[in-house]
Amino acid sequence: MSILDQIQIILVETSLPANIGSAARAMKTMGLTHLRLVAPKQPIDEQAEALSAGAKDVLDNAQIYPTFDEAIADCQLVIGTSARLRHLQNSLIEPRDCGELVIKRANLGKVAIVFGRERIGLTNEELLKCHYHLNFPTNPDYGSLNLAMAVQLACYEIRMAYLQKTAEKQPFVEAKEYPTAEALEHFFAHTERLYKELGFIRNDAVMLKLRRLYQRAELETNELNLLRGMLTAVEKSN
């Protein structure tokens with residue numbers, strides 16, 4: 001299996017089928033074929049197929065999920081795109097660095113690049129569940145990118161990083177293992193439940209800060225297991 005097969009392009013609540021078709025075309029030109037759709041407003045239609053321009057196979061194999069959480073559940077790295085910068089400073093990643101990181105981590109498991117709704121993007125809750133936030137350095141006076149353009153830019157940087165790694169003739173190997181988004185959500189739920197029982201968490205702001213802390217740390221699987229064990233030990237001692 002090609003390392004590119006580990007990379008999932010996720011479109012959230014897309015309004016127009018045409019945009020899905022154009023995004024599929026953008027993906028395939030860069031060698032990416034795994035498309036996931038979260039609750040699209042309209043099904044894939046003839047216009048989407050026409051605009052895919054030969055990428056109909058990407059549309060035919062697209063997976064549809066009812067929720068954001070289900071779409072990212074089996075991914076160990078989730079990168080969300082966002083034009084909002086103020087509250088994302090600690091987790092921002094540039095397109096070139098994003099491409100390199102995606103190729104590095106795709107060897108270890110599935111990686112998701114998530115694109116939000118055409119008009120409003122991803123919600124704050126969805127952005128919170130992303131390890132990094134990709135922002136394209138567009139013209140500050142006119143930064144309008146349509147969905148397919150954004151997908152094309154992200155996929156281009158991934159391909160360039162892939163070609164560079166291939167040219168170096170170095171194995172795509174990293175001796176680490178990272179938990180899936182689903183495993184992290186179980187940990188966050190466990191943490192919140194226990195800390196509320198202990199009286200440490202009294203409002204949502206505390207858990208928000210803890211989420212950001214753990215996401216920034218990029219916990220490995222063995223580290224997450226250690227933390228889960230610590231939580232369980234505390235529970236048993238009470």
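Predicted model: local features only at pLDDT ≥ 70, side-chain atom pairs only at ≥ 80, totals over all residues.
A reminder to myself: strands of a sheet pair through backbone hydrogen bonds, parallel or antiparallel.

**Entry: strand 1**

Next I looked up strand 1, residues 7-12. How many of its residues are buried? I get 6 of the 6, so strand 1 is largely enclosed by the rest of the structure. Then I checked which way the residues point. I7, I9 and L11 go one way, while Q8, I10 and V12 go the other way, and all are buried.

For partners, I went to both sides of strand 1. Strand 6 (residues 110-115) runs parallel to strand 1 and is joined to it by 5 bridges.

Helix 1 (residues 17-29) belongs to it, and strand 1, helix 1 and strand 2 together make a right-handed β-α-β unit.

**Entry: strand 6**

Strand 4 (residues 75-81) runs parallel to strand 6, with 5 bridges between them. A112 came up again here: V78 stands opposite A112 in strand 6.

**Entry: helix 7**

Helix 7 covers residues 147-167, and I tested its length. At 1.5 Å a residue, its 21 residues should span 30 Å, and the end C-alpha atoms are 30 Å apart, which agrees. At the start of helix 7, a side-chain oxygen of N146 comes to within 3.2 Å of the backbone nitrogen of A148.

I then listed the buried residues of helix 7: L147, A148, A150, V151, A154, C155, E157, I158, A161 and Y162. What covers them? Strand 1, helix 1, helix 5 (95-106), strand 6 and strand 7 (132-134) are included in the cover.

**Entry: helix 9**

I ran the length check again on helix 9, residues 204-217. Its 14 residues should span 20 Å at 1.5 Å a residue, and its end C-alpha atoms are 20 Å apart, so the two agree. Which residues of helix 9 are buried? I find M207, L210, R211, Y214 and Q215. Seen down the axis of helix 9, these buried residues fall within an arc of 130°, so they line one face of the helix. Their cover includes helix 6 (124-128), helix 8 (181-198) and helix 10 (221-237).

Both ends of helix 9 got a look. N203 caps the N-terminal end, with a side-chain oxygen 3.0 Å from the backbone nitrogen of A205. After helix 9 comes E218, whose phi is positive, near 50°.

**Entry: two residues of helix 9**

I picked Q215 in helix 9. At 6% relative accessibility, Q215 counts as buried, because the cut-off is under 20%. Where does its side chain reach? It reaches the backbone oxygen of L128, at 3.2 Å. Leaving out residues up to four places away in sequence, Q215 touches L128, K129, C130, H131, L184 and F188.

V206, also in helix 9, has 23% relative accessibility and counts as partly exposed. Not counting residues up to four places away in sequence, V206 touches F200 and I201. I noted one distance as well: V206 and E192 are 14 residues apart in sequence and 9.3 Å apart in space, C-alpha to C-alpha.

Key:
Residues numbered from 1 in each chain as written. Heavy atoms only, no water. Helix = DSSP H or I, 4+ residues; strand = E, 2+ residues; numbered from the N terminus. Expected span 1.5 Å × (residues − 1). Buried < 20%, exposed > 50% of the residue type's maximum accessible area, 1.4 Å probe, protein only. Arc of directions from axis to C-beta. Contact = heavy atoms within 4.5 Å. Polar contact = N/O pair within 3.5 Å; in protein donor to acceptor, adjacent residues only side chain to side chain. Pairing = 2+ DSSP bridges. Right-handed = clockwise from strand over helix to strand, strands pointing away.
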